[in-house]
Structures are given as C-alpha cells and as structure tokens.
Amino acid sequence: MGDNAAVAGHAVVIGASIAGLLAASVLAETFPRVTVFERDTLPQEPEPRRGVPQSRQLHAMHARGAEALSELLPGFWDEMVAAGAPVGDTQADVHWYLDDYLLKPAPSGLAGIAITRPRLEWLMRSRVAALPAVRITDATDVTGLVTADGRVTGVTVGAARTPDAVPSTVAADLVIDATGRGSRAVTWLGELGFPVPRSSELRADVTYLSRFYSRDPAQLDGRFGGLVTPYPGKPRGGAVLRQEGERFVVLLAGMIGEEPPLDEAGMLAYADSLACPDIAAVMRQSTPLGDPVRFTYPASTMHHYEELGSYLGGFLLIGDALCGLNPIYGQGITVAALEALTLRRMLGSSGGAGPAEAPVPAADLPRTYFREVGKLLAEAWATAAAADLRFPQIAGKRPPGSGLINAYMVKYRAAASVDPVLGRTFLRVANMMDKPTRLLSAGHILRVFRSAGKATQAMPATRVPG
C-alpha cells in the first residue's frame, strides 16, 4: 500500500455475511478489485444457509440500520419494499409490551421494516455482486493470513470443508474479517506473534424459536405486529411480525435458562403466558408454515481491539467478529452498517453523497478504525448490557448508580403506557436514533413522575408457573 488506504489494488473480505457484503460495497468505492471469500456454497435463491444458523429466525431492522443501509446502498429500502417487505410506523403499528405495560400507540415517525434474513441477504448479495470491482467466491475457506514486515500481504485459501485441500495464496493489500462469532482472528494474531485483544462476555443464556404462519390481512386489525420483552421475574418474551409473502413469523424467547418448548401445546401455553395477546392469537388462527426452529445464544462477546498498543497492518474486523450482542435487542445489522460507514469515511469516500474526508494513511488505519468503532460498540454494548444486567442472575459489573437508573426506568416503562412522547423517545433510543441519555432529560423525568402512577400492566392469559 502507499501512503493512503485508498490507493491499493486488491482488498479481501472474509465472509459473505451482511457485515462482509457491506464492507465489500464500501471497499469497491476505493479499490479496483475486491474479493469476498465465503465458506458456504451460496444459494441462488433467498434460502437459509449453513453458515447463518439464525437465518430461520425472526428478523426486523432498526430505523437507524435501515437508514445506514440506504446510505451504503442507495435505493435499498425501495428494493426491500419491492421484494414484499412490509413497512409500518414502529409505534403506531406495533403493540410493544415493556415490563408488561402496553406502550401507548401513536405516530412516531419511525418507519419499521420486516424482512426475512435469507431475502435480505440475497438482495444485498445481488446488489454487491453487481458492482464491477467485486467478485464473490463461495465454497472457499480462508485458512490463514500471510504477513511481511508487520502487515498483511494476503490470505491462504482452500476448498471449504475439504481436509486434504491444497491451499493457495491470494495477495491482498487490505483484509477484513467478517466471519462472525466463528472468527479465527484472535488465534491467527496470536500464532503470528501480534497482540491479541482482551474480551468482555455477558452471559444471558438466550434461547428462542421462530415459526412462520399464514396471514390474513384482517388479522391484528392490519397492524404490523406485537411484541413483549423479558424482564426480571419474567424472563420470557415473544413477538409476532408480518413478513414478506403474506406471512407472520412468531418468536418465543427465554433468558437465563428459560427455554420455550417445541411441541404445539407447549408453545401455545408459553405464548398464553405472555402479556401480548397477538402472539397466541396468530398461533390459534393461522396455519403453521413449517416446523419451529430453535436457536441458542449463550453470551454476548466484545473483543477490545481498540485497546491494543500495536496492530497488524492492513487487517480489520467488522460485525460479530468484533462484537456479538444479545440478538433479542436486534442491534447486529445496525451496528454492522454503522461500522461500514465508519470504514467508508476512513478510506476517503463519501459514496457520492457530498465531499469526502481525506483518507486515513494506511499505517494508521487499523488503530484509527478500531478506536472509532470501539466508541460505537461501547455504546451499543452498554445499552444491551443495561437491559441484561437488570436480571440479578446475570453476572457482570453494574456501573455506579445503575440501581437508581433501573428503578427510574421501571417507572419510565410504566409511564410510557400513558404518555406517547415517552414511548417515542424509548423507541428512538432502542432504534439507535437517539442517545440513551435522552431518556434522562429533565422534561422526560417530569413526564415519568407525572404519568407512572396512572399505568396499568396487561394481564396475560395464564401466569408463568412458579
């Protein structure tokens, strides 16, 4: 590489995940050649694949994530809508139950979109593969990094899932690991003698299942869906959302060891124990479209690359390879898109949307990128951790004052069932549009104490045993 990160000839992305595809789209703005290596054999249609075990689960997108995708791939929102993805107002068209209080429905101005993971990934992959600079090579495993003089110079690759495959070397000026939770980056760096990051872990023991159902337009009075979040004393949650193809997807979730059953009667009883009646109603009224599929997520993990004193030049990570967050909060796609926007800025590109900043010199790129992305991840981690650490069973360091804030937020969730302004702010924070400190503004504190006493919890059809 020369003095600037943008003058190199070939960039390699490891993994055709959503994070990897977004990284490739950004790299294609400054690199003449971008190769994406994917271990899976990629389907030619929108279908689940082996390397994305969560692809059969419920997926929706934060408003900030949808915005970021449209910044990275202009017109992508319209492509999702054209593919059948339903759209609705996040507050007016969805019934949210927070600590079993129904958040006051009202227009929020936050547009929500729900689309299955295989469809989203296929649309994105089709879009990125059409970029002249990009080549996606599937059924290929990246087995290691090639380095010289303190920086990456390429990768070794071989046929995926073929133990006796003869590896070959592919030269590269920049390599980005987008392989998710299965990333081998820490192992590779250690073997090459480079510093490895410490990791933070927060074990919430999340288990959830999803199942698709037929949809009649009259169901739920035409609303987008409904959901209920777990909270201390009731570590169960669930959701029902519209999806493309005139379908609903139902999700049943548990934390700290609570597991939704897979049998028909058990699933329905579990849904009946939730405050949101929409979930059980759809299960009773609609025809199942396939079997339920279970997914487990033991712990959130963040690798603190931002703390390292030195870096392997030309090597970056993105997405869950850097930080995997509790999927119940739906932050993953949004975080990956914001990381890609950070990378774009550092490579000296604006994607054609106004003037670009000067590119970060190649020698400074890893340090600058990881430290900037580290700020983004610290905020996302703190938001998710604050929700997880409400549960006394989850081990982790509680920040000073967290008890007072948790007590305030209990009142906030109750008050948001009466005051729609509080509900809108809560959703803006949850959708990563506003900072969490917005919830603590003087005006909001006044609204909370004015309305909390007027709130009434929803009563589920059955109580959780025990």
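## A buried phenylalanine in a predicted model

Phe426 has a relative accessibility of 16% and therefore counts as buried (under 20% relative accessible area; exposed is over 50% and partly exposed lies in between, with a 1.4 Å probe and protein chains only). The structure is a predicted model, in which local features need pLDDT of at least 70 and side-chain atom pairs count only at pLDDT 80 or more, while totals for chains, interfaces and linings use all residues. Residues are numbered from 1 along each chain as its sequence is written, and side-chain values use heavy atoms, with hydrogens and water left out.

## Aromatic pairs

A pair of aromatic rings is described by the distance of the centres and the angle of the planes. Rings of Phe, Tyr and Trp (its six-membered ring) pair if their centres lie within 6.5 Å; planes under 30 degrees apart are stacked, those over 60 are edge-to-face, and the rest are tilted. By this rule the model contains 7 aromatic pairs. In one of them, Tyr408 and Tyr412 have ring centres 6.1 Å apart and planes at 70°, so the pair is edge-to-face. These two tyrosines stand 4 residues apart in helix 10 (residues 402-415), and are therefore separated by about one helical turn. Helices (H or I, at least four residues) and strands (E, at least two) are DSSP runs, numbered from the N terminus.

Both Tyr408 and Tyr412 are buried. Tyr412 also forms an aromatic pair with Phe426; this pair is tilted, with 6.4 Å from centre to centre and 40° between the planes. Because Tyr412 belongs to helix 10 and Phe426 to helix 11 (residues 420-430), the pair ties together parts that are 14 residues apart in sequence. Tyr412 has a relative accessibility of 0%.

Elsewhere, Tyr305, Tyr311, Tyr369 and Phe370 are linked by ring pairs into a cluster.

## A charge over a ring

The charged end of Arg247 sits over the ring of Phe212, at 4.8 Å from the ring centre. A charge sits over a ring if NZ of Lys or CZ of Arg is within 6 Å of the ring centre and within 35 degrees of the ring normal.

## Two aspartates with positive phi

Asp99 has a phi near 50°, a positive value in a residue other than glycine. This residue lies in the loop between strand 5 (94-98) and strand 6 (101-102). With 4% relative accessibility, Asp99 counts as buried.

For Asp149, phi is near 55°, again a positive value in a residue other than glycine. The loop that holds Asp149 runs between strand 9 (140-148) and strand 10 (151-159). Asp149 is exposed, at a relative accessible area of 84%.
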